Structures are given as C-alpha cells and as structure tokens.
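Here's a quick briefing to read with the model open beside you.

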Amino acid sequence: MSQGFSTADVLRLEIERDPAPGELVNLVQNPNGELGGWGWLTPQAGVNMFGSVGSWLTPPRHVLTIYTAVAQATAYATTELMRVKAGHPSVGWRLVFRGGYDGAGLNSSVGYKVRFDFYNASRALISSSQYWSAGEFTTGYKGGGLGTMPAGTAFVALRIDLVRNTGTPQAFDQIDFNEVCVATGTSLDQVGSMVFYPPVQYVDVIGPALSINTSRDELNVGTLSASIRDASIDPSTSTLIRPGRRVRLMAKVDDGTADPWKPVFTGKISNGKVTYELKDPDVPDSRRAKIELTATDNATPLSAQNRSDGVSSLAELPYLLEGCGVPWNIDGNGDQVSTATIVAKNENASALDQVSIARDSAHGFAWVDRLGVLQVRSRTKMPTASSPLLATEYTDLDVDYDTERCINEVTIKYLRLNPVTGETEEIPYGPWRNETSILEWGVRSAEFTVQGIAEESSALASFAQAVLDANSTPKIRVNSTTVIVDEATAQGLPSRVLVDLYDLITVKGVTGQPDRAPARVASIEHKITPDKWQIVLGFVAEGSVASPQFTPSPPTGNDGKTIGQLLRPVGEVTMFMGAKADIPAGWLALDGSTFSATQYPKLYALNGNSTTLPNMADRFPIGAGTKALGTVGGSPTANVPAHTHPDTFAVSKTFAAVPTGTGGGNRLSNIDFTGAVGSGGAASISVLNPWRSIWFIVRAV
C-alpha cells in the first residue's frame, strides 16, 4: 500500500513550550473536565464531582459537575496548589457557569461563589481573598474576578463554593461548569484582559523528525521515542526539551468535531540525548545535532507513587489515586472517593500495583489510554461494540493456534489483613484444576494474587472457576497485524489511527476465509518516518481473563510470618513513651494485668502458660543467665543498720603575753578541746539511679 501523503501533513509531534513574553496560560490543567472529574479539583467531605458531556452547549462539550451528597453548612471544592510565576503579583479567574439544580431539577436558588487561597513556598496558607459576589445564580453566566496576591505567595488555589441564596446547601444540590481558567500576570490590567487560555502551549517539531515510535500495552509504562535533527532545539542550548515537559503525538482526523487534531500518545519527556555530526561537511549546521527524545505516559507517575493500602473493590480505587496527578475513569466516571475499606497493607506497593491487584481480584481490565487517562473497567462494563478491520487495511496478519496458551490450573494468594497488627499475611489456596484440559494439554498454571473478595471456599472457588472457564481451551487467535496508514485511513471514519487499548476489533478475512472472532487490542505501536506510517496492533481473545500482573507482596519468612512478625516477634519487649491508652495495637503493657490465652496463644506459651503479665512497674530488666529466666529480685531501697562514727576533735589554742619581769616571751594561756562521738540508728535509703518512668510493652501477636 502507498501512503500517498507526507506524514507531516497529518501528524504533529508537540512539546510543551515556555509562554512568550506577555502570554498568559491557564494554571488549571483540566479546565473543562475533558479528562474526567479528578485531581485538579478536590471536593470537601460530603461533596462529589464528575465530568460529562453537556448537551446545553453547541457543539456539545465537556462539563464539570459539583454536587452535595448530604445537606451541610459549607460545600466546596478546591483546586490543587498552582505555582505562581516569579514577577506575577496579579491573579484572575474566569468560568462559564450553568446553575443550579436540586434533587428535583433546575433551581434558581442554587449557585456558586469563588475565592483565592494564597500559600507560601512551604505550602502554608498565608491568607484568602474575599469571595467574589455573594453568589451567582444566573444560568449561562460567565464570571470572573481579579486580585493582587500578598507578598511571599508561591502557590495559589481557587476555591469554588456551592451555595443557596436562602439557607445552606441541601442534599443533591448541583452546579455545572463548562470552563475554568486561572492566570497570573504582571499587572491587574494584563490579567483583566484574560480570555480562556489553554493550560499548555505547544510547539510542533514533526518537520525535522527522522522517526517516531510509540508503544503502549495494558498496564505497562507506555513510551515514545523520537529522533530529531534540529540544532535550534538542542537541549544544550535550548530549554524546550527538559524532563517533565509534556509531549504529545497528534493526528489529524476528520471526525466531524470542531478540532480535527486528536492525541495518539500523551506523556512527559523523560530524557533528551544529543549526538553531533562534526566531520561531514555536507551536513548543514541546522542538522548537525541529532536529538534522541524519549517520553513516558501516565503509567509512570502511577508506578512512582507509593500506595500501601489495598482496597476492596474497583469502585474504591479513586481513594488511592487521589494525589497521583493522573486522571482516571473507573467504570465510566471520574468521581472521587473519600473513604475506602482497606483489606491489605503492602509497604512495597505502588499505585499501579494496587490498580493491577484490584483489577485481578475483580477479573477486570485496566489500561492508560491515548489521552493519558487511567481506564479501569469491570468485566460487565467493557465496551461491546466491535469495529471491523477490513482485509484491505492490514498486512502481516499473525494468526496461530498454540497449545500452551491456556490456563487449566489456578492457585490463589489471598492477602489477609490482620486488624490487630495492621500487617498483611499471604494465605495460599488451591490449586483448582480442569482435569479434562490437563489430560489433553498438560498442566498450564497461573497464580492470582487477590484481595477484597470473601475468604470463603465458595467465593475463592468461583473466582478460580471463572478463570478456568475462560481459558482452559486453546483457540485460534489473532495475535497481531499491521495497518499501513494511507490518506483514506488517516481521514476515514472510524479512523484506524485512533484505535485504543481494549477496543474490540473483528478482523475481516480475505475472500473465502472466515472472519476472526472479535478480539481486544492489547498493544499498540506506531512506527513513523517522514514517508511511512505503520500501526502494529496486538490482540487478546475476547472473553479471556487478563493475565495476572506481578504485584509486590508482603515479604514472608519461616512459618509464613510477615516481615513485621520476623522483625518484631511475639514476646519482644520494648519501651513506649506515650500514654497507656496509646499503646499500639498488638502490644500489651507489662503491668501485671491478665490477658486472654485464646486471643494471644503464642504469648501465653512464652509466658509459661500463664495469663498474668509480668509487672515491670518500678523495675529494671536484667539479662538472664546467672539469674533464672523470669525470676525477680532486688529492691528500690537499702536498709542501713545502727552504727557509730569515729570520734573527732577540734583544738582551739591562744597565746598570751608573759608579764614583764617573768622571763619574757609568750605562753599558752588556755587549750580547748571540743569533740563529738558519732552514732546512728537503722534507716532505709534509695538506691535508684536518676530515672524517668516509661511503659514496658510486649508484642502479643
């Protein structure tokens, strides 16, 4: 197939650039909710939010919605802290508002008000601005306000309150926004002329690009690499290519919307490397720098964020995702979750790990889409519409039948949270087997790590059976195919260039060949040069269970002990400086009290089969050895017996002059002897060194 057009005509490789002098940008990163109701707005407890498409706009566009779950005195959402540019003391906001609703429908008494909160470099609140207006209740209202930030402001946040013009917000009060913009500037006049700016300005570098490759698959980190010859963006002399800057590959697709440019890959630059062509005189100066740019998608921040808590369901994943800086869509919505049931603890786990184990526990699916949104779906919420891939559109079709590609034995590692200690144990279950499949194909095993489902034999068997039912028989499968993009493909509807992970595709065969069963897209690669564009699609069978994702598990040692139990074994004694009521769970005070042998059997055995704890009140520990283990002795005082002290004397002497005529000189006039005989009776004295009281506590589980 011939491409028939220049790649640069239908593709852009865009890198985030610095604003030009006097150019303002929107500090809000998801201003119209296109990526879901997430991250940049965090609601107060009792307030929820989501993103949707509003039919009241022409053409229909994304809408942000904030609504109350319960009646409450205040109801608001606040943006993330947005960094203020140096030399920009003025700040302003604008938004498009369509109010307000209550549980029954449109209600003109429901509206909003807005204020700024100003923070210093340490993210401590300096002050807040006044609220602009007492509240706006006019549907379709375009509102805004300006202000000067106090000295020392490094971050600013916008707070949006849901209000009523009489009384306080009630349950299911709701306000809608189409756009939110916050910008800072050098003066109030500059900010006062603001319009709805985009959050990021980009520059297109597709022209000098020699090659571009992207790769994405399921929950692995997606990557983009590009080779560019352009000395003007050499990172040694230009600030354009820097780690952390946004980058996106855009395709021009005529899909009937106002903007034909759609993302194929969205991510951030991870590295820029330059090699120089210095010897060849025929290479122009502008192309002597060969830049190798690499970028990764939003799986990267998910893999970098530690999240030790494991939740019980897919619906509770937003509790872990809040603050990761990644938009999400869980079973079709981007709502936030303020609380969750924690069913496991894993100090080594990332947010991506927790997503994968929640996915596996629910037999669901998860991936980062081409917009950079984390998509998580229950099995029943996966899209069912299949798009046909015609025989004339693809080449290099890889179809096979592999007897190893099945699962007929399932084992389960169940993560069980100990509510007393807060530690997680791995409990093995299984295996469950399909003996008929094993007899024919041999043992094909898979291990799933799960949490949140009932730890009951029926529930675990049901989980394993679903895997066996879906995977116990090998099938003829489409593994991959290559789409050669021509002009018709690039501009057609539906466009192949916008195929995304887990789209359902039916591969149409050539004449005389059967159509293949619908399959899910499991991997996507774009291979692009100035005159050629190929898309390689990898597939997994529809109806199969997602392959188990490796998840770091709580380290275990001998006898199935967790790392906490190995480092802090039952019977360990340590000191605790807090109040007795604050002693951590799983520890008991050594105060002579009794404990339950049934609840703490190991401690009972170590304590000589006694339920009475040692009493360490007013006692020091001493190493066992010459003293038998568990014995006590000593006293805080010592008795002094009756006794006498040696005599002591003091001599006082004076000399008097001898009267004249008696021989002269001096003579001793008198001698005084003073003395005492010491004696003492029996007494008790303290033998304690300087001390400070503290609790001795013992590990009980």
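Rings of Phe, Tyr and Trp (its six-membered ring) count as a pair if their centres lie within 6.5 Å, with planes under 30 degrees apart called stacked, over 60 edge-to-face and the rest tilted. On that basis, ring pairs link Trp 93, Phe 116, Phe 118 and Trp 132 into a cluster. Keep in mind that this is a predicted model, where local features need pLDDT of at least 70, side-chain atom pairs count only at pLDDT 80 or more, and totals for chains, interfaces and linings use all residues. Residues are numbered from 1 along each chain as its sequence is written, and side-chain values use heavy atoms, leaving out hydrogens and water.

**Aromatic rings**
- The count comes to 12 aromatic pairs.
- Trp 93 and Trp 132 have ring centres 5.9 Å apart and planes at 70 degrees, so they pair edge-to-face.
- Trp 93 sits in strand β7 (residues 90-102) and Trp 132 in strand β11 (residues 132-136), so this pair ties together parts 39 residues apart in sequence; strands here are DSSP runs (E, at least two residues), numbered from the N terminus.
- Phe 116 and Trp 132 are also edge-to-face, at 5.6 Å centre to centre and 90 degrees between the planes.
- Phe 116 belongs to strand β9 (residues 110-119), so its pairing with Trp 132 in β11 bridges 16 residues of sequence.
- Buried means under 20% relative accessible area, exposed over 50% and partly exposed in between (1.4 Å probe, protein chains only): Trp 93 is buried at 3%, Trp 132 at 15% and Phe 116 at 0%.

**Nonpolar cores**
- A core is a set of buried Ala, Val, Leu, Ile, Met, Phe, Trp, Tyr and Cys residues joined through side-chain atoms within 4.5 Å.
- The largest one has 50 residues, and those with the most contacts inside it are Leu 13, Ile 212, Leu 224, Leu 249 and Trp 533.
- A second, separate core of 31 residues includes Leu 27, Leu 64, Ala 77 and Val 114.

**Strand β41**
- Four of the five residues of β41 (residues 695-699) are buried, so the rest of the structure largely encloses it.
- Strand β35 (residues 573-576) runs antiparallel to β41, joined by four bridges; pairing takes at least two DSSP bridges.
- Strand β36 (residues 587-589) is antiparallel to β41 too, through three bridges.
- Val 698 in β41 is the bridge partner of Val 573, and Leu 588 stands opposite Val 698 as well.

**Cysteines**
- With sulfur atoms required within 2.5 Å, the count is zero disulfides.
- Cys 324 is buried at 5% relative accessibility, and Cys 406 is buried at 9%.
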